[in-house]
Amino acid sequence: MLLQNRLIDEVNTPDELRRLPESDLRQFADELREETISAVSVTGGHLGAGLGVVELTVALHYVFDTPHDRLIWDVGHQAYPHKIITGRRDRIRTIRQGGGLSGFTKRAESEYDPFGAAHASTSISAGLGMAVARDLAGKTNNVICVIGDGAMSAGMAYEALNNAGARRERLIVILNDNDMSIAPPVGAMSAYLARLTSGDTYRSLREMGRQLARYLPPSIYEKAHRAEEYARGLLTGGTLFEELGFFYVGPIDGHNLDHLLPVLKNVRDTQNGPILVHVITQKGKGYPPAEGSADKYHGVVPFDLVTGKQAKGKSNAPAYTKVFAESLVKEAHKDDRIVAINAAMPSGTGLDIFERAFPDRTFDVGIAEQHAVTFAAGLATEGYKPFAAIYSTFLQRAYDQVVHDVAIQKLPVRFAMDRAGLVGADGPTHAGSFDINYLGCLPGFVIMAAGDEAELVHMVATAAAYDEGPIAFRYPRGEGMGVDMPEIGVPLEIGKGRIVREGTKVALLSLGTRLAECLKAAETLNAAGLSTTVADARFAKPLDEDLIVRLAREHEVLVTVEEGSVGGFGAFVLHLLAERGMLDAGLKVRTMTLPDLFLDQDKPDRMYAQAGLQAADIAVKAMAALGITGTEAIGWLASGARSR
């Protein structure tokens with residue numbers, strides 16, 4: 001039910017929020033939650049995390065002087081209420097849409113977003129950098145980092161905590177614990193203790209006691225110091241954070257403004273050292289469908305506001321992620337050495353399907369991609385067949401482990417790289433643009449890219465059968481092409497592509513799911529009298545050298561097409577042709593890649609059109625190589641000319 005005299009209509013910025021009396025904040029938070037639910041029901045996006053931090057968002061902007069005080073949201077999934085408060089309410093229904101707001105924090109979007117984030121566990125490192133810069137410049141503003149308990153599982157977060165605790169800059173870390181994985185009981189007593197221990201009186205008495213204790217013999221002083229630390233830890237928790245050098249406050253109820261406000265004010269007014277405030281929240285708070293299914297409502301498509309029912313896609317084609325998971329289950333039934341690993345993305349990678357079939361052979365290591373890769377390497381040393389299912393964009397975080405722990409040791413780790421290519425609403429931070437490049441330069445790596453969902457089935461089987469070293473296969477987000485599906489996967493010959501359509505003048509060599517667009521382009525070119533071959537490379541490494549040389553010898557034009565950045569598959573093909581001396585023989589070679597820029601979020605088809613990788617773009621590229629350009633090319637296409 002909508003409230004009367006809506007405060008949210010009067011508040012466009014944190015300055016205006018801070019003019020409200022504290023007694024109005026409960027109503028404002030309720031309205032902010034309603035606005036968040038309403039907006040996401042229209043656009044889709046990340047819902048549960050944002051609903052869980054509504055009160056915390058209100059309290060932080062009310063107590064701290066943002067944007068002068070720097071407020072950093074780790075990952076950014078939970079930043080929708082923050083965006084509504086910070087002057088972006090009028091655009092909140094454009095979030096994750098083409099030309100609209102980013103689904104994450106973004107520096108170019110607002111002065112209230114001091115640090116862009118879409119990958120987890122970066123906030124404390126960035127915040128410490130800001131705190132050091134502040135002190136070097138002689139400034140006095142606060143730096144506040146909000147990080148979830150899931151993001152705290154990443155090693156980077158602990159590296160930052162360790163460094164911050166040792167350096168002693170004034171830094172505030174808010175641990176948003178929405179999984180109850182860390183917290184002792186929360187209630188009035190813990191809130192009272194948090195308020196007491198975060199205040200100046202307690203801290204002054206504590207410091208006085210420390211100073212007096214220094215006059216005691218060293219052995220007694222050390223015991224007294226430890227007793228005080230651990231006694232407080234028993235009452236309030238947080239011994240781990242104290243050991244890392246943080247002053248721990250909490251846990252407190254993150255939905256109770258009467259608890260949050262006094263603690264945050266005490267923390268704001270504290271002038272020395274790093275502080276960690278432990279806040280307990282509920283993901284999806286205030287919207288029953290999300291409260292009852294936190295994982296399902298982490299990321300949503302548009303949904304019915306009343307029932308919470310999410311809209312369904314119209315295609316009957318299976319999603320690539322599901323095809324991968326079901327294929328892996330079939331392979332695992334045949335081979336009990338197959339195990340599966342993910343980094344806090346069981347449903348996103350499809351491994352929840354695998355886990356239902358093989359719970360003892362499924363491992364979720366948390367947001368810890370580096371550990372996931374080396375953990376997989378360890379399994380491989382003992383004869384197991386680990387499939388590390390990690391989004392292409394997240395595998396970037398474990399590159400050193402891929403190089404040092406897997407590739408150099410030639411260990412047969414299987415990398416299932418979901419979200420290859422452009423990903424639509426999640427934008428550039430989640431696009432799988434670089435994996436062909438960063439894996440293709442590593443000796444001994446095998447890299448495959450599925451042209452359609454049927455090919456993905458065979459590539460899972462290929463990876464399961466391959467034991468000579470590391471192997472990776474990439475596939476996109478979303479639904480497949482609707483092709484006929486094989487009952488079982490058949491291992492492919494390593495490094496061998498396939499001819500899909502034969503022609504004589506133009507050759508289109510596709511890697512990945514632009515294959516369908518290449519086939520459409522071939523129809524256009526054939527209608528214009530340009531006989532066109534379409535080949536599916538299948539492998540970026542090793543290349544099918546015989547196939548590529550044949551295409552180069554038998555065609556006047558060779559165009560490579562890939563869903564990756566400059567320097568990938570097309571570059572590998574050019575290198576091969578240069579080494580064979582074929583670039584000196586009049587062959588016209590063109591490469592089509594993602595553009596050398598970060599593409600903002602939009603519908604995938606629009607993004608690929610912007611990238612110039614649609615069927616029409618491919619046809620025009622081939623014609624241009626033959627000298628058919630501009631109005632002449634349009635005329636050729638329109639007239640359906642049968643010869644050059």
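Q: What share of the protein's 644 residues counts as buried?
A: First, a word on the basis: this is a predicted model, in which local features need pLDDT of at least 70 and side-chain atom pairs count only at pLDDT 80 or more, while totals for chains, interfaces and linings use all residues. Residues are numbered from 1 along each chain as its sequence is written, and side-chain values use heavy atoms, with hydrogens and water left out. Buried means under 20% relative accessible area, exposed over 50%, and partly exposed in between, with a 1.4 Å probe and protein chains only. By that rule, the buried share of the 644 residues is 56%.

Q: How many helices and strands are there in the protein?
A: Helices (H or I, at least four residues) and strands (E, at least two) are DSSP runs, numbered from the N terminus. Counted this way, the protein has 26 helices and 19 strands.

Q: How far apart are the end C-alpha atoms of helix α6, and what span should its 14 residues have?
A: The expected span is 1.5 Å times one less than the number of residues. For the 14 residues of α6 (123-136) that gives 20 Å, so the model agrees with the expectation: the end C-alpha atoms are also apart by 20 Å.

Q: Which elements are included in what covers the buried residues of α6?
A: Let's start with the helix itself: S123, I124, A126, G127, L128, M130, A131 and R134 are its buried residues. Just after the helix, G138 takes a positive phi of about 75 degrees. The cover over those buried residues includes β2 (70-73), β3 (143-148), α7 (155-167) and β4 (172-177).

Q: Is E169 buried or exposed, and what is its relative accessible area?
A: E169 sits in the loop between α7 and β4. Beyond its neighbours within four places in sequence, E169 is in contact with residues including L128, A131, R134 and G273. E169 counts as buried because its relative accessible area is 10%.

Q: Which residue's side chain does E169 join through a polar contact of 2.8 Å?
A: A polar contact is a pair of N or O atoms within 3.5 Å; within protein, one must be able to donate a hydrogen and the other to accept it, and residues adjacent in sequence count only if both atoms are side-chain atoms. The 2.8 Å polar contact of the E169 side chain is with the side chain of R167.

Q: What is the C-alpha separation of D9 and R89?
A: D9 lies in the segment before α1 (14-17), and is partly exposed because its relative accessibility is 46%. A polar contact of 2.9 Å joins the side chains of D9 and R89. These two are 80 residues apart along the chain, yet their C-alpha atoms are separated by 9.6 Å.

Q: What is the relative accessibility of I338?
A: I338 belongs to strand β8 (338-342). Not counting residues up to four places away in sequence, I338 touches L328, E331, A332, F354, R361, K385, F387 and A464. I338 counts as buried because its relative accessibility is 0%.

Q: Is R538, with its positive phi, buried or exposed, and at what relative accessibility?
A: R538 is not a glycine, but has a positive phi of about 65 degrees, and is found in the loop between β16 (532-536) and β17. K410, likewise other than glycine, has phi near 55 degrees and counts as exposed because its relative accessibility is 61%. R538 counts as buried because its relative accessibility is 15%.

Definitions and conventions. Contact means heavy atoms within 4.5 Å.
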